[in-house]
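Take a look at the model, then read on.

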Amino acid sequence: MRSSEELTALFRERGLKITPQRELVFRLLDGNVSHPTAEAVYSAALEFMPMISLKTVYQVLNDLRGLGEIQSIEVGTGALRFDPNTTDHHHLVCEGCGDVRDVELDTSELLLNRSQRHGFSLNSVEVTFRGLCQACRTPDLSR
């Protein structure tokens with residue numbers, strides 16, 4: 001995803017109004033690797049702007065998705081997640097806490113060999129690995 005300053009310029013180029021709410025969401029997503037839900041972005045935004053609405057956060061996220069600056073992903077954690085990393089990549093999902101992390105994996109051979117064998121013309125591949133992160137695997141001995 002572009003920096004918050006670059007997103008501001010992009011929105012202006014596209015004739016979209018720049019508001020403090022939009023700029024805040026841009027800043028909250030800049031460098032964010034947590035794959036937040038809209039509700040998580042909203043919660044973080046409330047700390048800086050108590051009057052922001054969840055609807056506004058959703059609108060900014062949808063605008064960013066429409067411009068190709070973020071992608072929405074469904075990884076089976078119960079809520080749509082937003083990913084500022086729009087490069088080809090895959091995900092690790094913790095089945096304990098719902099943490100989502102990026103993972104790089106070369107799927108070019110899969111795209112070529114498997115798709116041709118099954119008669120498909122594939123455009124993309126999404127791989128989701130599921131398991132437990134280290135924190136969820138480590139028992140809490142303080143109990």
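Q: What makes Arg-130 the bridge partner of Val-93, and how do you know that their strands pair?
A: In strand 5, Arg-130 is the residue bridged to Val-93. Two strands pair if DSSP finds at least two bridges between them. Strand 3 and strand 5 are joined by four bridges and run parallel, so they pair by that definition. One caveat: this is a predicted model, where local features need pLDDT of at least 70, side-chain atom pairs count only at pLDDT 80 or more, and totals for chains, interfaces and linings use all residues. Residues are numbered from 1 along each chain as its sequence is written, and side-chain values use heavy atoms, with hydrogens and water left out.

Q: Why are strand 4 and strand 5 said to stand at the edges?
A: The open sheet has three strands in the order 4-3-5, with mixed pairing. Strand 4 (100-103) and strand 5 (128-131) each have a single partner strand, so one side of each has no neighbour in the sheet. From one strand to the next, the twist averages 25°.

Q: Why is strand 3 called largely enclosed?
A: Buried means under 20% relative accessible area with a 1.4 Å probe, counting protein chains only (over 50% is exposed, in between is partly exposed). Four of the five residues of strand 3 are buried, so the rest of the structure largely encloses it. For the chain as a whole, 33% of the 143 residues count as buried.

Q: Why is helix 2 called roughly perpendicular to helix 4?
A: The axes of helix 2 (residues 20-29) and helix 4 (residues 54-66) come within 10 Å and cross at roughly 65°. That makes helix 2 roughly perpendicular to helix 4. The label covers 65 to 115 degrees, while under 35 is roughly parallel, over 145 roughly antiparallel and the rest oblique. Axes here are lines fitted to C-alpha atoms, for helices over the stretch in contact, with angles from 0 to 180 degrees between N-to-C directions.

Q: What makes up the contact of helix 2 with helix 4?
A: Contact means heavy atoms within 4.5 Å. Helix 2 brings Gln-21, Arg-22, Val-25, Phe-26 and Leu-29, and helix 4 brings Thr-56, Val-57, Val-60, Leu-61, Asp-63 and Leu-64.

Q: Which residues of helix 2 are buried, and what do they pack against?
A: They are Arg-22, Leu-24, Val-25, Phe-26 and Leu-29. These buried residues pack against helix 1 (4-13), helix 3 (38-48) and helix 4. Just after helix 2, Gly-31 takes a positive phi of about 80°.

How values were computed: Helices (H or I, at least four residues) and strands (E, at least two) are DSSP runs, numbered from the N terminus.
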